Amino acid sequence: MIGGLFIYNHKGEVLISRVYRDDIGRNAVDAFRVNVIHARQQVRSPVTNIARTSFFHVKRSNIWLAAVTKQNVNAAMVFEFLYKMCDVMTAYFGKISEENIKNNFVLIYELLDEILDFGYPQNSETGALKTFITQQGIKSQTKEEQSQITSQVTGQIGWRREGIKYRRNELFLDVLESVNLLMSPQGQVLSAHVSGRVVMKSYLSGMPECKFGMNDKIVIEKQGKGTADETGKSGKQSIAIDDCTFHQCVRLSKFDSERSISFIPPDGEFELMRYRTTKDIILPFRVIPLVREVGRTKLEVKVVIKSNFKPSLLAQKIEVRIPTPLNTSGVQVICMKGKAKYKASENAIVWKIKRMAGMKESQISAEIELLPTNDKKKWARPPISMNFEVPFAPSGLKVQSRVDVRGTHPMPWREEDEKGTGAADTVSSPSGWSESCTEKPGGDIGRCHLGRQDDRRGWPGGHEHT
Amino acid sequence: MTDSKYFTTTKKGEIFELKAELNSDKKEKKKEAVKKVIASMTVGKDVSALFPDVVNCMQTDNLELKKLVYLYLMNYAKSQPDMAIMAVNTFVKDCEDPNPLIRALAVRTMGCIRVDKITEYLCEPLRKCLKDEDPYVRKTAAVCVAKLHDINAQLVEDQGFLDTLKDLISDSNPMVVANAVAALSEIAESHPSSNLLDLNPQSINKLLTALNECTEWGQIFILDCLANYMPKDDREAQSICERVTPRLSHANSAVVLSAVKVLMKFMEMLSKDLDYYGTLLKKLAPPLVTLLSAEPELQYVALRNINLIVQKRPEILKHEMKVFFVKYNDPIYVKLEKLDIMIRLASQANIAQVLAELKEYATEVDVDFVRKAVRAIGRCAIKVEQSAERCVSTLLDLIQTKVNYVVQEAIVVIKDIFRKYPNKYESVIATLCENLDSLDEPEARAAMIWIVGEYAERIDNADELLESFLEGFHDESTQVQLQLLTAIVKLFLKKPTETQELVQQVLSLATQDSDNPDLRDRGYIYWRLLSTDPVAAKEVVLAEKPLISEETDLIEPTLLDELICYIGTLASVYHKPPSAFVEGSRGVLHKGLPPRTGSIEGPESPDTAPSGEPAADQPSVIPTQGDLLGDLLNLDLGPPVTGPPMATSTVPMGAVDLLGGGLDSLVRPSSRLRSDVGGSPAIGGSGSFTAAPSSTAPTNVGAPLGSGLGDLFDLTAGVGTLSGSYVAPKTVWLPAMKAKGLEISGTFSRQVGSISMDLVLTNKALQVMSDFAIQFNRNSFGLAPAAPLQVHAPLAPNQSVEISLPLNTVGSVMKMDPLNNLQVAVKNNIDVFYFSTLYPLHILFVEDGKMERQMFLATWKDIPNENETQFQIKDCSLNADAVSSKLQGSNIFTIAKRNVEGQDMLYQSLKLTNGIWVLAELRIQPSNPSFMLSLKCRAPEVSQYIYQAYETILKN
């Protein structure tokens, strides 16, 4: 099991050091600093073995978190724990920074004592932790309160405390989809998949029993043939989900047997599920880049985006990010729509369009001046990326939720129906590019948005600079 | 409030100031002071001097302050055991506190204080807490048992905590169950033999129920524990699988991987004809793919595991090639792992896509990644025959890019392609030759030279090319020198007329001017071959080479099976068994996949078929590879890191991160096939050549070396054994193929009171071996080397050396099974190798093993009858006197002889090195070749081995 946990700043100074096992000595702290933080080479692996001690590390901004062990621990668990640790710290004091860690080191030690016992992770749900680990020292709890805390921490619903009350019960669902698209330089789609997340914000009283539904093909087929016919008529009524994973509040055995998603949600924001689909993905945009090299110190770039959905729908907050070479000295941009700016600090041209209807086209052209360099290192040609919000989901996912609140405020089976939407992007032609999008339809109860990113190929090949 | 100020004090007199503040009357001030102390502790300052003052702050109602003091205690109690005792009362009191949070805090902290005296006081509170009404206290107490066991295992057993812990598995609270399972698993791991985690269908059922209810971490503990269970039949295995599969949808990747582990393991027991088997296979793929959208560090763990899973069951992911395509923003460690898996999944069906991707990768920025991509193209060519041509043309395209490292890497893999498909692609040689000048890495140069030598007859200017290399012969690395030597000899044999001068030049360079014994020896061999029998030389040097096989980097099947049992853990990340990186007894237990019940597995997975079976004359004990690695790694590493031990190294992966380096070689595309490019395989393989020991230096250069050499070999032949107890003939303990060319055979002997291990080390590799060292694992009788392994000169290829290693019996003792099993590790400059062997027990019979007659009678009566064991020694034609004297030679002493009803009864005694007496009664009937042997001993488990010793002695 985890033998010790260290937090370092970017210089390698220890901010937090908590040792759980006798086999981890003080020298382990130095070993990691010397061999990993101060190593001249880029980190080649998140797991390092130094003199038979294994170090797992993750980095958050400038901060290194390292878990140390001499045993054959469950490596996946250690990383999951480190992420969880970051979540907990963020929930307590915000961004993980040297300043915040130093300011809260007593709290962090207290947390570490609670969520890791002898190297075994214990309940680490912030909802539960916040009931008894506070920054105000101990409140004099009554006996009832105490036993309520302990039963919650160890209970089956460790992520939610009893007795939550809201005057208005609200539930928000965001569907965030990220379309990953890979295209060949000839414009052929090599692979495309949507990885989506359903993020829920619940402000519900008591212990609400929730049910979540989606237009999952398997469920719809189960419900009878009638729906299946509809599917044929109106296109994408149901979608085939390749795989999904759920927050620990979801009853997995029930999902396995009935494919129904039922749960008692934690209070506040959490990620209910993640899913992945590969079939019938609607790509809301096509991006067509053209790059011409004019001599050794000049590049001409033209990017066309085409919206690829019904003209009645509207995409919003479109942002296209076109990476520029590191030796760029100046950029002149002309665009027909929206605003474009060269951001030297980000090495990119950022083009923003407020809204764009379906089946439209827009373009930007830029002249990039380059400084002559002798740098032999090639520019990695990062992909073009795109963010936007559209009122539909590229995967075709639609969601539905149902809440049954037990307890003080009965509001049985209130139904919230919401249309999920999402957007995606596409890349086309000579080379692959990528973009990402976020979409958000209005409405206060249901919101969906979609993000997308990536496709790794950037600038068209043959574009070389020295 | 900002606590960061506590980090900034660096004044000199601060300890005194803190002392004053700690003793202040004001609560706030006290708390501030303790915070300062903790901050100093964190940054590594020694604040142990404040111990009494800090402990004084313990009696407080302020929980935050109390926790800080506890934290301090955990850190320093060990250094101040006497003072720590001051804290005991507070702990005991806190364990009775009405607030369960405080009770739990007290028991949790107390377990972390590793001071014997405190531990004694812990027992009573712990017992109460294990039965506490509050589950929070119980779950904390459960872990505390594991802590206590780590400090004092005996105490935990004596106090009966283990039984209480077992009861907690049936607790009503899932988290208590999970922690109890975790604690029990850990304790069981350090006692492999104990039946602590007595899993049976009922307890499994309880665990499966708790699985649905406990936290994500608890699920991991339970799944990891389930994976150790062995279902009694396939039906039980299936029903467990059915209840575990829902976990595959958990958001926590560790839960998913642990579930995969259980399924992969139990799947072994399911019949492949079963519908369920197919369903299960289908269910496994999506979650594995989903793991690839996790955070990069987890992706890395997942990919290392997928690498194993793909080797074990390629069918699971065979259609998922695309998900392993590298993304632009993947960290380098993810990219490299993905590449590896792409190659494992490459098949005729998807090769076009794979190649297109690899070609793309070869133009990326990261040098390591590009190199690996180029190598991958070569591996595709070797793996998928139909694609070889495309691969070659892709490689040629890449060579045209003239990017230096791409060209070199391409040449190395093209050489491998030639070795798989000889005489097929030599048209490309011209292109390769164009790039001769840009090659600056030894490996690429060696590969190029190999190609030139191999195809010398078709390259018009082969002699010029090789001659150009020869100019800087002494500046080349050994690898290149060896290759050049071989290539020129090949050239000479193919075109003898024009190249005589060249070959003479290289032979004299290699034999006269080189300090490298390896090179010299090879030079002499060629020289002698060429001068005595050119026809034979041709047969040897130009012999047809065996084709290289496609998968040289597959993990050895037994190791793979073991690693499958460790899915999700560090072992699966390192691709090494836990014993390779875990100290002490933990993890020594070997895990294996359950045998398949139901239908017999056909040759369904040829991909994973073992490439070579170990030789049959191995000892029957399964060599528990790696048990010793622990101890032996220390040989290499010295004490655990203190300060910056290897920071100066220029090859960070190799030197600093020993295991990491090892991993590299595991995943390196074709390390094996490259390592033997050094010489023509025919030479490496033929045992008839024995190189001259390097001491016969260049004095008789040029003269045929025949006569002098022969004599030298005799030295190594029979160093006769002096009279003493029976010595068995030497057997091969470590075959060369298992130890990178090092063969070890040996036996044990005992002469006048001293035990020795007689070894013959033979170097069957092509490279000089040196820096030998030997180490034994702990064993039943504490056998240990009494002196270091002395090999005076480096061991040249095909040389043998005979060594008698004196042993003593003062090493550390651990009971082995079988009792006389000895695990040995031998290290040389190449690697560390492990084998185990059985030693005959009679080497442990001491000279003063003769018991007084009276004593014998008394002892015989005194030992209870159930300790008596009887054996039959068959087919022995000796008479009583002969038996008696023969046994005496091996220190089995006859105390009395009686004749009862025509039978001879011999009463004998012997004593083992560890003081165990064994009494024997041997009944011999004159006409019957079968003797009856009755053995009485207070440690009856040795009897079996004593009997074996009798058999051995009498029959030889």
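Mentor: Please bear in mind that this is a predicted model. Let us examine helix 20 and helix 22 of chain B, which span residues 351-361 and residues 388-400 respectively. Two packed helices are described by the angle between their axes and the distance between the axes. For helix 20 and helix 22 of chain B, the angle is about 10° and the axes lie 11 Å apart. Angles under 35 degrees count as roughly parallel, and helix 20 and helix 22 of chain B are therefore roughly parallel to each other. Their crossing is right-handed. On the side of helix 20 of chain B, the contact is made by Ala352(B), Leu355(B) and Lys359(B); helix 22 of chain B contributes Arg390(B), Cys391(B), Thr394(B) and Asp397(B). An α-helix has 3.6 residues a turn, so residues three or four places apart point the same way.

Further along chain B, helix 28 covers residues 500-512. From the first C-alpha to the last, this helix of 13 residues reaches 18 Å, close to the 18 Å expected at 1.5 Å a residue. The buried residues of helix 28 of chain B are Leu502(B), Val503(B), Val506(B), Leu507(B), Leu509(B), Ala510(B) and Thr511(B). These buried residues pack against three helices of chain B: helix 26 (462-470), helix 27 (478-494) and helix 29 (517-532).

Conventions. Residues numbered from 1 in each chain as written. Chains lettered and ligands numbered in written order. Predicted model: local features only at pLDDT ≥ 70, side-chain atom pairs only at ≥ 80, totals over all residues. Heavy atoms only, no water. Helix = DSSP H or I, 4+ residues; strand = E, 2+ residues; numbered from the N terminus. Expected span 1.5 Å × (residues − 1). Buried < 20%, exposed > 50% of the residue type's maximum accessible area, 1.4 Å probe, protein only. Contact = heavy atoms within 4.5 Å. Axes fitted to C-alpha atoms, helices over the stretch in contact; angles between N-to-C directions. Parallel < 35°, antiparallel > 145°, perpendicular 65-115°, else oblique. Left-handed = near helix turned anticlockwise from the far one by under 90°.
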